[in-house]
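I opened my notebook today to look up how side chains pair up in a protein model. Here is what I wrote down, entry by entry.

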Amino acid sequence: PALAPAPPRAADHGAGLAVARAMSGFSVLCHCACKDGQDGGPISRMAAEEHLYETSVPRPSSARPRERGVISYAADTDMPLQGAPLRDAEVWHLRPEHADGNKFQRCHLQLYSNGFAIQYPGSSPLPSLMVSWSPFALVQACRLHSIEADAQRPWLRLFKISVFHHGVTHFFATQGPNADTERARWVADISGVLRNLTQSLFPPFALCADPLPGAGWTATRLLAGYLLLCDDRGV
């Protein structure tokens, strides 16, 4: 079965160009604030280490044979998106192939129950993108290369979506006087969708710590339940 669960606009064209110039000028170093989407406050020393806008992530090995009797779900990146968008708003997007050039493009980010779509303005030569979710994905609020850089651009806030199953990361930016609030909403909404998707893949069950009659090997277990396993062909 297919893997699926049962920002403010610039005031005018000139303002948009000014924003684009500013977004093309900042450093490609980024920090991630892994605090449930909330920005601000001290960041741990480990989290504060600088790293590049890396848009590719390691993919799972394909060498593991598929086991019999295991329920599996297809998790291709191009699965059709289902239903109407849960949220649709304008943001800035750093395409993975443009990460080295640090080139953000204005777009509409559309959030679906089983993925997201990126639609560019009609005048843009860039093709639209559609990415279906995997439960092995993460959304994070990010900041620029320093606290000072963030303070100099209060109208610009970054977040990223890493789909580890597909080996790709997409960077986005909210822009405007409510950039912090808009980013927090995006991170919360995407986190909620991923949580619902992940929960939909588990059958109804209750955690168990008691041994089963006639199965002596279960007498030594601490806890029984279900886990999701990621491979290159599905979940």
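**Aromatic pairs.** I searched the whole structure and found six aromatic pairs. To count, rings of Phe, Tyr and Trp (its six-membered ring) need centres within 6.5 Å; planes under 30 degrees apart are stacked, over 60 edge-to-face, and the rest tilted. I looked up Phe116 and Phe172: their ring centres are 6.3 Å apart and their planes stand at 80 degrees, so I noted the pair as edge-to-face. Phe116 belongs to strand β5 (residues 115-119) and Phe172 to strand β9 (residues 168-175), so this pair ties together parts that are 56 residues apart in sequence. Strands and helices here are DSSP runs numbered from the N terminus, with at least two residues (E) for a strand and at least four (H or I) for a helix.

Next I checked both for burial: Phe116 and Phe172 are buried. Buried means under 20% relative accessible area, exposed over 50%, and partly exposed in between (1.4 Å probe, protein chains only).

**A note on the model.** I am reading a predicted model, where local features need pLDDT of at least 70, side-chain atom pairs count only at pLDDT 80 or more, and totals for chains, interfaces and linings use all residues. Residues are numbered from 1 along each chain as its sequence is written, and side-chain values use heavy atoms, leaving out hydrogens and water.

**The ring cluster.** Which residues do ring pairs link into a cluster? I listed Phe116, Trp133, Phe159, Phe172 and Trp186.

**Salt bridges.** The term asks for a side-chain nitrogen of Lys or Arg within 4 Å of a carboxyl oxygen of Asp or Glu. Glu182 is in helix α3 (residues 179-200) and Arg87 in strand β3 (residues 87-94), 95 residues apart. Is Arg87 buried or exposed? I found Arg87 buried, with a relative accessible area of 8%.

Asp189 also forms a salt bridge with Arg87, with the closest N and O atoms 3.4 Å apart. Asp189 is partly exposed at 29%. My last entry: Arg87, Glu182, Arg185 and Asp189 are linked in a network of salt bridges, and the whole structure holds seven salt bridges.
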